[in-house]
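Here is a friendly note to read alongside the model. Take the points in order and find each part as you go.

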Amino acid sequence: MATKSSRQVSEAPESANLAALAKLATASYETLERDLRATIATLEGQALRFETAVDNISQGICFFDADERLILCNRRYAEIYRIAPEQLRPGLMLADIVELRVAAGTSAMAADGYLALARSVNSANHSRVWSNELTDGRTIQICHQPMADGSWVATHEDITELIANRQIVDERISLQTLIDWVPDYLWVKDTQSRFVVVNRALAADSGREKTSDMIGLTDFDLHAPELARTFHAVEQNVLRSGRPMVDEEEFVVDASGSGKWLSSTKVPLRNAQNEIFGLVGIAHDITARKQADVLRDGQAQILEMIAMSAPLEEVLTRLMRLVESQLTGIFGSVLLLDKDGVHLRHGAAPNLAKDYTSAIDGVAIGPKTGSCGTAVYRRAPVIVTDIMQDPLWEDYRELASPYGYRSCWSTPILSHQGAVLGVFAMYSMTVRGPVEAETRLIDFTTRIAGIAIERKLAEDQIHFMANHDVLTGLPNRALLEDRLSQAVLYAQRYDRWVTVLFIDLDNFKLVNDTLGHNAGDELLKIVAGRMVECVRATDTVVRLGGDEFVIVLFDQPANADLISETLQKIRAAIAEPVHLGEHRLRATASIGIANYPKDGTDPDMLLANADAAMYRAKEFGRDNFQFYAPEFNIRTQEKFVLQEELRNGLAHSEFTLLYQPQVDLRSGRIFAVEALIRWKHPMRGMVAPDAFIPTAEETGLIVPIGDWVLHEACRQNKEWQDAGLPPMTVCVNVSARQFREKNLIGRVVDALSASGLEARYLEVEVTESLIMQDIDVAVATMNALQNLGVQISIDDFGTGYSSLSALKTFPVARLKIDKSFINDLATDENDQAVASAVISLGQKLNLRVIAEGVETDDQVAFLRENNCDEMQGYHFSKPISAQDIEKLLGGPKD
Ligand SMILES: Nc1nc2c(ncn2[C@@H]2O[C@H](COP(=O)(O)O[C@H]3[C@@H](O)[C@H](n4cnc5c(=O)[nH]c(N)nc54)O[C@@H]3COP(=O)(O)O)[C@@H](O)[C@H]2O)c(=O)[nH]1
């Protein structure tokens with residue numbers, strides 16, 4: 001568009017030429033005309049180029065003079081304001097142009113406002129740029145340049161699109177900035193699971209420098225194929241189904257090789273038409289929480305294992321694996337302090353090199369023994385950050401170096417009482433100390449390890465106590481069964497023998513009672529130790545309880561002679577003198593022997609038969625042994641039959657009493673009778689008490705039998721008195737079993753009141769050994785009897801172990817010298833010594849002394865010479881019936 005006409009342009013040069021012509025008349029008209037035309041042509045060319053150039057500028061341009069008249073504008077200006085180009089002729093006033101813009105709907109404001117703005121800008125004498133938003137929505141940027149003469153030139157540029165683009169760019173940039181701040185992974189993928197948008201966290205952990213490096217990649221470019229396939233399948237499912245995946249846990253391995261747990265959410269993205277065009281994902285790193293969960297679950301599991309008594313090595317191995325699962329490049333180890341207190345034994349180290357753990361198994365503790373030995377020695381943690389440099393490892397670094405262990409942090413494991421149980425160590429392949437998390441784990445691990453070890457020690461202790469005798473430390477009955485079973489199985493397999501020795505110490509009860517329980521315990525310990533010394537390590541010495549022991553001789557040759565050798569060795573060891581305080585005594589034992597397979601093929605039978613043999617040995621007297629013989633069982637059966645017959649006998653009144661007179665040695669007067677039981681057996685005839693009293697004792701039948709004796713003896717004595725015979729005492733034997741009965745006093749009272757006999761005419765005979773079984777109880781019972789008025793005598797005196805000091809406290813009236821000292825009284829100096837000692841003792845204690853079993857004149861003479869008070873025996877009378885007693889005493893007085 002050329003809005004300036006050629007005519008107008010040529011007017012000024014033409015008048016100048018004419019003036020020149022007038023002044024220069026002599027000049028050549030043609031020359032001048034030619035020059036003039038050339039000048040015009042040049043100017044016209046310049047004008048055309050100027051117009052063409054102005055018209056082709058992408059911005060609108062306008063020039064106004066100082067009177068606001070348009071000098072020039074280009075085509076773009078007309079286009080911007082949607083004004084026909086021809087309307088914008090030079091000389092047109094700015095106000096008219098503004099009106100045209102208002103009319104075209106391309107004004108930013110009302111005409112007046114715009115004119116005021118333009119004038120204000122123009123008066124400022126410097127350029128200014130501003131934007132107008134036109135009523136049609138476009139934005140025009142105006143650059144106004146005022147001239148010195150008041151004219152101006154302005155450019156107008158439509159920046160609508162630019163602004164829109166800029167907004168997009170701005171939005172995009174701020175979104176990226178925003179998501180880059182998020183520490184979680186954020187991404188958008190298209191329908192083919194290609195990354196479209198990712199944040200910096202995801203890009204960085206995927207090994208990409210810039211987020212844009214991720215665009216277009218898929219999970220197959222980032223992860224192992226299997227993991228990538230899983231992610232792809234999950235995302236395709238979200239895209240296909242339109243259902244979001246919310247907070248699913250996923251495990252990934254990042255570019256550094258570290259495993260991570262993520263909680264991921266993947267939500268489909270929809271466009272305006274509700275079509276899915278991709279998905280947005282967010283994943284939160286929950287590794288720390290997962291580790292805490294693993295730690296907590298692991299801890300619970302380990303505590304459960306401890307509670308369920310899982311083997312210690314399993315517990316510690318699980319613990320070490322748990323520790324290692326929480327850390328990278330750390331190997332855990334537990335060493336246990338040996339019973340000797342100076343060596344460390346392997347506990348658990350599942351991921352340390354096996355050769356290394358073997359090499360340090362048994363390492364001693366000390367001031368310079370690596371990290372572990374030193375930590376236990378110091379009872380304090382030892383952190384060695386560089387094994388290769390630390391002097392503590394000087395003697396051990398050759399062990400560690402082949403495996404690349406560079407640092408080792410050891411912490412002693414302590415019990416609740418503060419005793420060292422072992423040591424926990426963490427090995428790292430790098431030179432460093434523990435970080436805070438590792439220190440926390442060390443605390444946690446040593447605590448749990450301590451609980452596990454302590455629990456195991458407690459269990460071992462309980463197990464030991466359940467299977468061992470506390471006093472002697474020997475295995476007990478529970479362990480005996482197991483050991484004997486093992487021995488029998490071995491013997492079966494290898495055609496060998498097993499020998500079972502059933503050992504019962506003789507008179508142990510007396511030692512216990514006379515010298516005290518401590519002395520008794522000491523004796524048991526000494527004897528137990530001696531027996532253990534006599535047998536091999538494979539044999540088992542067991543204490544069953546009390547003074548009963550069993551020895552199982554394992555893997556025996558089928559030769560009774562060899563067994564006898566061991567047996568004699570054991571007997572000799574037991575018989576070695578024992579010093580208990582100031583006392584020196586010699587223990588003996590009764591031993592029963594049973595052999596597998598001859599005497600039994602199972603443990604129970606072997607034990608029962610050895611027991612039967614031991615009883616047999618006892619029957620033969622003290623310090624004896626007996627090999628089992630089948631007839632011992634016949635004897636057992638016989639005992640059973642006897643027991644049944646005794647019950648019947650009691651029910652059918654088959655018992656009767658004989659009475660043996662007791663005579664005053666000085667006057668010859670009968671002052672008492674001893675009631676002695678007999679059994680009128682329907683088949684066997686009259687049975688003596690020795691044949692059934694022991695069985696009655698064993699079975700407890702002695703209690704009702706003894707009751708009957710008491711009642712019958714009292715009744716008979718009262719009957720004699722009522723018949724007018726001179727009053728005398730009836731002596732009744734009371735056995736140990738009867739004496740221990742709690743209501744003995746009540747039974748005596750019953751017998752007295754049932755018969756009407758005065759208590760002073762009843763005497764109870766108790767044996768010395770019975771009293772010594774439990775002196776305190778015996779004295780209490782005797783006192784109670786004495787309080788009733790009943791007399792008490794000590795039977796079989798001289799055979800037991802009564803101490804003189806104890807004897808003084810017994811509320812007894814008489815001592816009865818045992819028959820065994822009377823038998824050879826005439827010839828045996830020892831018996832004479834005992835008898836005379838008992839007589840003088842009685843005198844000193846103001847007790848009457850009676851000799852029993854007196855058969856000969858010599859015996860009577862000795863007793864008289866030694867001032868014995870009384871006697872009982874065949875010399876005067878055998879035990880006789882009640883009627884014969886009446887006759888002996890001269891018959892009833894009518
Ligand atoms: N618990 C009970 N025990 C009782 C009862 N009756 C008897 N016995 C005890 O049985 C043992 C054996 O008694 P027994 O066969 O009656 O023998 C007694 C006398 O007969 C016997 N004795 C008496 N004098 C002589 C003699 O000169 N020579 C000789 N060889 N034997 C003689 O001594 C037995 C009496 O002993 P002890 O009781 O120690 O005085 C025996 O231990 C009885 O105690 C009963 O009812 N209950």
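**Notes on the model**

This is a predicted model: local features need pLDDT of at least 70, side-chain atom pairs count only at pLDDT 80 or more, and totals for chains, interfaces and linings use all residues. Residues are numbered from 1 along each chain as its sequence is written.

1. Start with the ligand shell. Strand S24 (670-681), helix H22 (702-722) and strand S28 (791-797) each supply at least two of its residues; helices (H or I, at least four residues) and strands (E, at least two) are DSSP runs, numbered from the N terminus. S24 gives the largest share, three residues.

2. In total, 22 residues surround the ligand, and the closest are Leu676, Ile677, Pro689, Asn733 and Gly873. To be near, a residue needs its C-beta atom, placed from the backbone, within 6 Å.

3. Now look at the open sheet, where five strands run in the order S17-S18-S16-S21-S22 with mixed pairing. Two strands pair if DSSP finds at least two bridges between them. Strand S17 (540-545) and strand S22 (624-627) are at the edges with a single partner strand each, so one side of each lacks a neighbour in the sheet.

4. S17 and strand S18 (residues 548-556) pair in the antiparallel sense over five bridges. Here Val541 stands opposite Ile551 in S18.

5. Finally, check helix H9 (residues 287-307). Its 21 residues should span 30 Å at 1.5 Å a residue, and the end C-alpha atoms are 29 Å apart, which agrees; the expected span is 1.5 Å times one less than the number of residues. After H9 comes Ser309, with a positive phi near 60 degrees.
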